[in-house]
Amino acid sequence: METRQIQYFLEVAKREHVTEAADILHVAQSSVSRQIFNLENELGVKLFIREGRRVKLTPLGKIFFERMKQVWNMMEDAKREVEEHLNPERGIVRIAFPISMAAHTLPSIISSFRTRYPEAKFQMSNALYYDLIDGVITGEFNLAMIAPMPDQEKEKKIKGATLFTENIVALIPIHHPLSDRKSIRLRELKDDPFCVLPEEFIFRKQVVEGCNDAGFSPQIAFEGKDIDALKGLVSAGLGVALMPEMTLIDNTPRSTVMIPISDANLTRTVGVIYPTQRKLLPTESLFYDFLLETYERLNEFRE
């Protein structure tokens, strides 16, 4: 089995199209088809079902794909590790994060890190909660910022650290009857329409559970695909929303008011995770240590 065969197989499997894979790889379609044919002959199984110009993985092909993704990531990591040991301050950090950290948290910490290590590079991805965990385990990325921090007793294949705990606050329209209050009780919003994230978001579950703990079920009127969409809905006066406080730092929309919630212990932990089965590469290790150092200092300042 050759490295080129693995590379071509992975690209075709991801795109489910030989021609598109060939374009990305900058090789002839016939070359890709030949390498896949040779790989299938060597393994003695069919990896793809041909459907006209498109292809789909067979059941065995899916198993092989998951294993080869891990193998390929390990090979890439091995090459990077050799390079980065020579100069870790110029290496690459592969990190993923939830969309709620895209506007403020991650850009701020990366900016601070590059002040210290200006030649460091980043490959960033955003993903849903469980996809962040799975991506770290499979090697799609080696680090992930995540909220809430997973239970490491249950998730044996990851390790990490809680960086800080933040409050969940209410975002309400500026003309709302409670908009002039310094704080509110969560139950005071029981008759309001709620704007929430789609069901696949872990934060939506936390919002619903928080309302239930306060003695009511939220009247879900609108779903927004991300935090910015929720801000827009509230700004338009269509309802209220609960938000992680950090998503509103320097970014509270016009026509809205952010109000602390006094009676509910609504918080979420924010942390960073990495795989137990692989060590961090040198530049990623630098960034991980920088995260711990930075937030330890910030937490001491807050206290």
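A polar contact is a pair of N or O atoms within 3.5 Å, and within protein one of the two must be able to donate a hydrogen and the other to accept it. The views below show details of a predicted model.

View 1. Asn73 is found in helix H4, which covers residues 59-86. A polar atom of the Asn73 side chain lies 2.9 Å from the backbone oxygen of Gly139. When its neighbours within four places in sequence are left aside, Asn73 is in contact with Arg94, Thr138, Gly139 and Glu140. The relative accessible area of Asn73 is 16%, and because buried means under 20%, Asn73 counts as buried.

View 2. Leu106 has its place in helix H5, made up of residues 105-116, and it is buried, with a relative accessible area of 2%. Apart from neighbours within four places in sequence, the residues in contact with Leu106 are Ile95, Phe97, Met101, Met124 and Met145. Ala96 stands 10 residues from Leu106 along the chain, and the C-alpha atoms of these two residues are separated by 9.8 Å.

**View 3. The crossing of helices H1 and H3.** The axes of helix H1 (residues 3-15) and helix H3 (residues 29-43) come within 9 Å and cross at roughly 110 degrees, and the two helices are therefore roughly perpendicular to each other. On the H1 side, Arg4, Gln5, Tyr8, Phe9 and Val12 take part, and they meet Ser31, Val32, Gln35, Ile36, Asn38, Leu39 and Glu42 of H3. Sorted by class, this contact has 6 nonpolar, 4 polar and 2 charged residues.

Conventions
Residues numbered from 1 in each chain as written. Predicted model: local features only at pLDDT ≥ 70, side-chain atom pairs only at ≥ 80, totals over all residues. Heavy atoms only, no water. Helix = DSSP H or I, 4+ residues; strand = E, 2+ residues; numbered from the N terminus. Buried < 20%, exposed > 50% of the residue type's maximum accessible area, 1.4 Å probe, protein only. Contact = heavy atoms within 4.5 Å. Axes fitted to C-alpha atoms, helices over the stretch in contact; angles between N-to-C directions. Parallel < 35°, antiparallel > 145°, perpendicular 65-115°, else oblique. Nonpolar A, V, L, I, M, F, W, Y, C, P; charged D, E, K, R; others polar.
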